[in-house]
Every structure is written in structure tokens, then in C-alpha cells.
Amino acid sequence: MDCSLISALCYCISLYFVIQFVRFIFADADFTLLWACIAGTKPETKLKGLVVWITGASSGIGEELAYQLAGCGSRLVLSARREEELSKVKRHCLDQDIFVLPLDLLERTSHEEKTKAVIQHFGKLDILINNAGRSQRSLFLETNVDVYQALMELNFLGTVSLTKQVLPHMTQRGTGSIVTVSSVVGIAGAPLATGYSATKHALQGFFNSLRSELTDFPKILISTVCPGPVVSKIVENSFTEEVGKSVPEAGSQMHKMSTHRCVRLTLVGIANGVQEMWIANQPFLLIYYLWQYAPTWAWSLTNVLGKKRVKNFKAGVDADSAYFTKPKTS
């Protein structure tokens, strides 16, 4: 082969890797999802007119999902425990067909009735977004086992129970989407969130297994969304070392991804059938890739960051901002 041709080929390959490296530095989602943003179907086209049921719709990611889906022309079911907050969200979704349906994931005996109410109201259900849940901010050595039971009952069993009621409707129709908001800690464990991480790992395993059971239903999408730190009220509502004890201070959210951006990426993924979405700013996105492709390096990095997270938490610094701030010295 001609030397000039070899040189040109090496140059092109090097340039490609440089471009991909630069893209990765500024990326806020996995490459599959970012490619769907560029070349895929727009949510405004794909999701218009579809019936979407959002749990945890009273605040945070769930609230923003309601606003953006309303903008796409979707017909919405908004669920959470606080009916007054759901009504406020509905008022901000102008001129849309919205059904406010109070729901407590812990009341599993009510899930069949709630599902029937959705189908009776709209005649069908196209998408279920399992978004409801609570996080955790406490050290394992200081945490009561009741906290772990409460986390598993809510985040995992509550989600599985609702999915159990919705899925038969979708298999009967042969189409539908079940989208579950997991977390970066559903892939990589993190200190101060041992119970929360366990519930998200459980959800990842459950829905990955369920997806493989549904191969006879290729038009049913099972998708998990794995956000990193996102602006929301999830920290304020976190479990601590005792059930019923709240977080003393939520801390700054200035370093987190905006809720608007996270939800936009999520809707792009749903519209394009992405089965797992990694959504996070750097350096958190790097952790996803390391855990997937270089777990030994991931262990080392997680230990370094985890040590700082625990140290700063003990010093009174918010867990999520602990990577970017130093504890106050007396």
C-alpha cells in the first residue's frame, strides 16, 4: 500500500478518535442517546396524542415530564400522593387532556383499581413512566433496618406492583412502553445510599429480565433511565438513619444537571426506543462507562470519590455537592 495512503488513513483514524474524545468531554448522555437527539425521531412527533401515566408527578423530574409531555401533545395521567400539588401541575399544563389520579405506591391493593380508572378514562394506556420513589442520605452503620425495608417497599415493590397491573393491558394490545427512572447508583454503588442503590439495582435486574421475557412482544418497550445528579426535591424527601427523620438541609444544587435537560433527553430516548439511557454531566458520565467497560478502574475511582463523599457528609456538606466543595474548617 502506498505510504501516502497509509498516512492519510492513520490521520483520519486519529482525527476520528480526537473528535470522539472531545465529544465525550462535553457529553451529558451516552452516545446512543445523543445520536438519537441528532438523527432520531422528535418527541413532538412520536408522543403526540399518546396516553402517558406519570408517577411521582408532583415535583422534580415527574413534574417536568408533565410539562414537556403536555408540550408534545400527549394526554396525561398525573399520579402522586399529594393531590393538591398534582392539581397545581395540571394548571400549568394548559389546554391538555389531563387526569389527576392520586396514588400511593405503598398501597399495592389499590393499584388494580387505579389502572382500571386510567383505562376507563382514556380507553387505553400507551406509556407508563415509573418515576416515583425516595432517595437516602445515611451511613449504613448508623441506619435502622426499617429504612431499608421502607425503601424496598416503595421504590422496588411499589414499582413492580404497578407494572404488574399495567403490562397485561399492553400485551393484549401488543404495544406500549414501560419506562422506569432508575439512577446512576443503579449501575454504580455510592456511599450514603446503600439502600437506595440496592432498590435501583433491583429495578435494573427486574426490568432487564422482564425485557427478555417479552421477546414475543417486539412493540413493547422496556426502558430504564439512569440519571446522575439532577435538580429536584429528591434530597429533601430522602430517608435518613431513621424512618420519619428528614434531611436537615438539602444543600446547593448548582452543580447538578437541569431538570429540563434531563427530561428532554428522556423523552428523546422514549421516542426512539432506547432501552437504557445514561444521563449525566461529566465527570459522572465517565463513571457509567468505566463501570461498563473497565470495572477495575471504576472500583478505584469510586473508592476515591466515596471517601471524599463520606468525609464531607460527616462535616455537614451535602452529599451531592460534596464532590465540588470542601468542608468548613473551624
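Leu78 touches Ile54, Ala57, Ala66, Leu86, Val89, Lys90, Ile98, Phe99, Val100 and Leu101, leaving aside residues up to four places away in sequence. Contact here means heavy atoms within 4.5 Å. The model is predicted, so local features need pLDDT of at least 70 and side-chain atom pairs count only at pLDDT 80 or more, while totals for chains, interfaces and linings use all residues. Residues are numbered from 1 along each chain as its sequence is written, and side-chain values use heavy atoms, without hydrogens and water.

Leu78 also belongs to the largest nonpolar core, of 58 residues, where Ile54, Leu69, Leu76, Leu78 and Ile129 touch the most other members. Such a core is a set of buried Ala, Val, Leu, Ile, Met, Phe, Trp, Tyr and Cys residues joined through side-chain atoms within 4.5 Å; buried means under 20% relative accessible area (1.4 Å probe, protein chains only).

Now to the sheet. Seven strands form an open, parallel sheet in the order E3-E2-E1-E4-E5-E6-E7. Strands (E, at least two residues) and helices (H or I, at least four) are DSSP runs numbered from the N terminus, and two strands pair if DSSP finds at least two bridges between them. Strands E3 (98–100) and E7 (276–279) are at the edges with a single partner strand each, so one side of each has no neighbour in the sheet. Ile129 stands opposite Val179 in E5.

| Helix | Lies across | Angle |
|---|---|---|
| H8 (residues 194–213) | E4, E5, E6 and E7 | about 160° to E6 |
| H10 | E6 and E7 | about 135° to E7 |

How values were computed. Buried < 20%, exposed > 50% of the residue type's maximum accessible area, 1.4 Å probe, protein only. Axes fitted to C-alpha atoms, helices over the stretch in contact; angles between N-to-C directions.
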